[in-house]
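Subject: Structure for you to look at

Hello,

Here is the structure I said I would pass on. Please open it beside this message and follow along; my notes come after it.

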Amino acid sequence: MFESLKKKFSRTSDKLEEELIEEAQEENNLEEESGKKFSFFSFGRKDKKEEDSKSDVAEIPQEVESIQETDTSDDETSDDKDEKSGFWSFGKKSSDNKEEPQEEEESAEEIQEEEEPKKSHFWSRNKEEDTEESEDADEKTEEKKSRFWSRNKDNDSSEENDEDEEPSGMFSFITAKTISEKHLEDILWELEMGLLEGDVAMEVASAVVDSVKDDLVGRKIKRSNDITEYTYNALRNAVAEIIDIPGKSMTEMIEAKKAQGEPLVVMFVGINGTGKTTTIGKLANYYLKKGYTPVIAAADTFRAGAIEQVNYHADKVGVKLIKHQKGSDPAAVAFDAVEHAKAQGKELVLIDTAGRMQTNTNLMDEMKKIKRVAKPDLVVFVGDALTGNDATQQASKFNEAIDLDGVILTKADADSKGGASLSIGYVIKKPILFLGMGQGYDDIKEYDADWMLNQLFSESGEEVNINEA
């Protein structure tokens, strides 16, 4: 997902580094350091590792406590264990006394031979056999150990380099560099143009650029890695403000209405071909699995095959469909579905409406009539993420005509540019509720701004799990 945006963000960091290093070279203010340069996306991986290590540290006290309890019990029964000490006692003694003089170790072995002649005989025989070939064995062991440790050391270092660092040089500035507007002027202009080419809305691109500029200007840089880290954080913070639009989830609203003894009524709007009817089927399946009982209203009564299409999804998922004859009043169908849900104690009504262009005045007026009659709690715009800025413009027009409450973006899994996902909520000031992530009924995900941020700033090709919270 969002590969185009990731490349643009990474390129911004690279360009700024090139600018500062080139200037430092002209000023004789640059020296090469030992170490490796972190990549742009490695800072995200480092944050994740820190979280994992914190969780590991949090679990240590319990482990220590259990170890202490075990040691206490060992002390209490030490006399019994001395009597039973056999095979394992030798390993324990050698590890406990490994720093004591050799003579003390030999005397301890003699005492052990007197106390346990049968068991010591087993070990003494092995010891004599080993002594016969000790010189050759020691030499071979030394070689094997040296090769083993050197090989592991090489593997460990290569794994660390692959995971956290890139094999390129790191530089430092003899006198710390300060990022100025002059350094950023061309770079941020290139970033803004890149965002616009990626179907990001103009006001969103400007907001991102302004935020990055405010964050970076005046920063003092000592090492080249600092440039990458500061740029990464500036871009991440800018995008975080753009995509996090506050709002209640649909699940929370269902629970609130259920407490009042009422169903949550949701009306879906949008243009033809965005996947609106399929999304309704996915949502019916999603909430059915959560223990709710949805009902679908076939309020698209004009398009040929529309009632049959929504009927197919209702049958597949296993929910009730309220429908009238083709050409009947869509508002009447929506009203009947709401009354059915109230009478049967169902918690959710999903109203499918005819797709319409935002410029079609008659169909927009009909949509307003459905809203007046059905009185939906939510009016949701369904847009195609692949259409980029077009989806944002469509949502703006629908919002002006009918006042939207939220957005669902379909085909988000196939969106390489990310323009609609980044822009649509910010432009209309309404939250994204769900993302369509595939063709199956289970391929839908409740929108989470943190999850979205991680997708935008994750390594290219990283697997997307739609079941993550």
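One term first: contact means that heavy atoms lie within 4.5 Å. Please also keep in mind that this is a predicted model.

**The chain as a whole**

The secondary structure comes to 18 helices and 13 strands. Of the 469 residues in the chain, 42% are buried. If you take the contacts between residues at least 6 apart in sequence, 79% of them join residues at least 24 apart.

**The sheet**

Eight strands form an open sheet with mixed pairing, in the order S8-S7-S9-S6-S10-S11-S12-S13. Strand S8 (320-322) and strand S13 (444-446) stand at its edges; each has a single partner strand, so one side of each is left without a neighbour in the sheet. On average, neighbouring strands of this sheet are turned by 25° against each other, with direction ignored.

S10 and strand S11 (residues 406-410) run parallel and are joined by five bridges. S6 also runs parallel to S10, and four bridges join that pair.

How many of the seven residues of S10 are buried? The count is seven of seven. In a regular strand the side chains alternate between the two faces of the sheet. For S10, Leu-378, Val-380, Val-382 and Asp-384 are on one side, while Val-379, Phe-381 and Gly-383 are on the other, and both faces are covered.

Within helix H12 you will find Asn-285, which is buried, with a relative accessible area of 11%. Not counting residues up to four places away in sequence, Asn-285 touches Val-317, Tyr-441 and Asp-442.

Helix H15 (residues 361-374) lies across S6, S9 and S10. H15 runs at about 180° to S6.

**A pair of helices**

Two packed helices are described by the angle between their axes and the distance between the axes. For helix H16 (residues 389-402) and helix H17 (residues 419-428), the axes come within 9 Å and cross at roughly 20°. Angles under 35 degrees count as roughly parallel, and H16 and H17 are therefore roughly parallel to each other. The crossing of H16 with H17 is right-handed.

Which residues meet between the two helices? From H16 there are Ala-391, Thr-392, Ala-395, Ser-396 and Asn-399, and from H17 there are Ala-420, Ser-423, Ile-424, Val-427 and Ile-428. Sorted by class, this contact has six nonpolar, four polar and no charged residues.

Thr-392 sits in helix H16. Is Thr-392 buried or exposed? Buried means under 20% relative accessible area, and Thr-392, at 3% relative accessibility, counts as buried. Leaving aside its neighbours within four places in sequence, Thr-392 is in contact with Ala-201, Ala-420, Ser-423, Ile-424 and Val-427.

H17 is mostly covered, with nine of its 10 residues buried. Among them are Gly-419, Ser-421, Leu-422 and Gly-425. Just after H17, Lys-429 takes a positive phi of about 60°.

**A residue in strand S1**

Lastly, look at Glu-31, which lies in strand S1 (residues 30-33). Glu-31 is partly exposed, with a relative accessible area of 41%. What separates Glu-31 and Phe-171, in sequence and in space? They are 140 residues apart in sequence, and 5.7 Å apart in space from C-alpha to C-alpha. With neighbours within four places in sequence left aside, Glu-31 is in contact with Phe-171, Ser-172 and Ile-174.

Regards

Terms used: Residues numbered from 1 in each chain as written. Predicted model: local features only at pLDDT ≥ 70, side-chain atom pairs only at ≥ 80, totals over all residues. Heavy atoms only, no water. Pairing = 2+ DSSP bridges. Axes fitted to C-alpha atoms, helices over the stretch in contact; angles between N-to-C directions. Parallel < 35°, antiparallel > 145°, perpendicular 65-115°, else oblique. Left-handed = near helix turned anticlockwise from the far one by under 90°. Nonpolar A, V, L, I, M, F, W, Y, C, P; charged D, E, K, R; others polar. Buried < 20%, exposed > 50% of the residue type's maximum accessible area, 1.4 Å probe, protein only.
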